[in-house]
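Reader: I am new to this structure and would like to learn how to read it. Please take one feature at a time.

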Amino acid sequence: MGTHMPNGFMAGTFWTRKGKAFYYIRDFSKCVTLHLKGHEYSKVVIEVDDKQATAERLRKMLLE
């Protein structure tokens with residue numbers, strides 16, 4: 001199970017309408033969301049230092 005403190009911190013496993021999701025976030029403006037198919041988790045949301053660069057890197061890796 002996950003932990004959620006409003007306006008502060010969100011970490012762990014949460015159930016959503018679309019299935020199980022994993023979050024590790026302190027600042028929602030710095031998060032990257034991965035939508036998964038055929039995995040235990042339907043979504044993974046994590047905080048990163050540079051979300052634009054991380055998203056571009058992930059897209060590039062997935063297209064290779």
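Author: Start with surface: accessible areas come from the Shrake-Rupley method with a 1.4 Å probe, and for residues only the protein chains shown count as cover. Here the protein chain has an accessible surface of about 5300 Å², with 55% of that belonging to carbon and sulfur atoms. This is a predicted model, in which local features need pLDDT of at least 70 and side-chain atom pairs count only at pLDDT 80 or more, while totals for chains, interfaces and linings use all residues. Residues are numbered from 1 along each chain as its sequence is written, and side-chain values use heavy atoms, with hydrogens and water left out.

Reader: Which elements does the protein chain have, and in what order do they run?

Author: Helices (H or I, at least four residues) and strands (E, at least two) are DSSP runs, numbered from the N terminus. The protein chain has 5 strands and 1 helix; from the N terminus on, the order is β-β-β-β-β-α. Its C-alpha trace spans about 35 × 30 × 15 Å along the principal axes.

Reader: How is burial read, and what percentage of the 64 residues count as buried?

Author: Buried means under 20% relative accessible area, exposed over 50%, and partly exposed in between (1.4 Å probe, protein chains only). Of the 64 residues in the protein chain, 28% count as buried.

Reader: Is N7 buried or exposed?

Author: N7 sits in the loop between β1 (3-5) and β2. N7 counts as exposed because its relative accessibility is 87%. The C-alpha atoms of N7 and K30 are separated by 14 Å, and these residues are 23 apart along the chain.

Reader: Where is K18 placed?

Author: K18 is in the loop between β2 (9-16) and β3 (19-25). With a relative accessible area of 75%, K18 is exposed. Between the C-alpha atoms of K18 and T33, 15 residues apart along the chain, the separation is 14 Å.

Reader: Which residues gather in a patch of negative charge?

Author: Lys and Arg count as positive and Asp and Glu as negative; His and the chain ends are not counted. A salt bridge is a side-chain nitrogen of Lys or Arg within 4 Å of a carboxyl oxygen of Asp or Glu. The patch on the surface consists of E47, D49, D50 and E56. Among them, E47 lies in strand β5 (residues 43-47) and counts as partly exposed, at 31% relative accessibility.

Technical notes: Patch = residues over 30% accessible without salt bridge, like charges linked within 9 Å, V, L, I, M, F, W, Y side chains within 5 Å. Charge placed at Lys NZ, Arg CZ, Asp CG, Glu CD.
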